[in-house]
Amino acid sequence: MDRRDGAPDAGDTIQIGIAVDIPEPWGGLLTRRRVEAGDPQAVPAHVTLLGPTEIPVAALPAVEKHLAEVATAHLPFTLHLRGTGTFRPVTQVVFVAVAAGISECELLAAAIRAAPELHREARFPYHPHVTVAQDVAPEALDRAYEDLADFSALFEVEAFTLFSHSGQTRWQPRRDFRLGG
C-alpha cells in the first residue's frame, strides 16, 4: 500500500472513487480511444468498483482501513476484457465488456460499499465494464462500438486503487490496496 498523494485535502468533504486500473498496453489504447471519441470525461481506462462518492474528510482513515480489510479478504483474479457493449438507449455509453472476472468485481464492489461511509443509492445495478465513449455524438458511439468489437485483453488483477478529486484537479490516485494482503 502506498500513499501517492501527500497533498492536504481542502474543505470538509472529499470526492473519492475506487477502481481497477487497466494495465499497459491496453490501458493506454482504451484511454486514447475514449479521447478520440471526443469524450470530455476521458479519464484513464478502468473498471469502476465505486463511482464518485463524497465523504467527510474525517472519514477517510476509516474508509482506508475498510478498504485494506476488503483487499486482504479477496484474492487476485484474472480479468478478461472482450468485445463491446452499450447501455443505449438508457445512457449514451459504449464500453468494453468484462468477459471473465465479473463475479470477482461484483464481490469487491459489494464489499467496498458495505462501509457505512460508502453506502449510496445506485441509479443502476452494478455492471463491471470499461467505458470507451460517453455522452458523445451517436456516430462517435457507433464508431467506438464497431472499432473495438474484436478487442481482447487478459491480465491479472492484483490490486485496486482509491482515487480522490478535490474539485480543482483531475482524479488523482491516493493509495493502492493489494488483494490477498
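I looked up which strand gives most to the lining of the largest pocket: E2 supplies the largest share, seven residues. Strands here are DSSP runs of at least two residues and helices (H or I) of at least four, numbered from the N terminus. The model is predicted, so I kept to its limits: local features need pLDDT of at least 70, side-chain atom pairs count only at pLDDT 80 or more, and totals for chains, interfaces and linings use all residues. Residues are numbered from 1 along each chain as its sequence is written, and side-chain values use heavy atoms, without hydrogens and water.

Strands E1 (13-21), E2 (46-56) and E5 (129-134) each give at least two residues to this lining. I found 43 lining residues, with His46, Thr48, Gly51, Pro52 and His129 nearest the pocket centre. A pocket is an open set of points on a 1 Å grid over the protein atoms alone, where a 1.4 Å probe fits, with protein on both sides within 12 Å along at least five of seven lines; lining residues have an atom within 4 Å of a point. The space in the pocket is about 1600 Å³, taken as that filled by probe spheres set on the points, which are joined across faces, edges and corners.

Next, the sheet. I read an open, four-stranded sheet in the order E5-E4-E3-E6, paired antiparallel. Two strands pair if DSSP finds at least two bridges between them. E5 and E6 (152-157) are the edge strands, each pairing on one side only. Five bridges join E3 (77-86) to E4 (93-100). Threonine 86 stands opposite valine 94 in E4.
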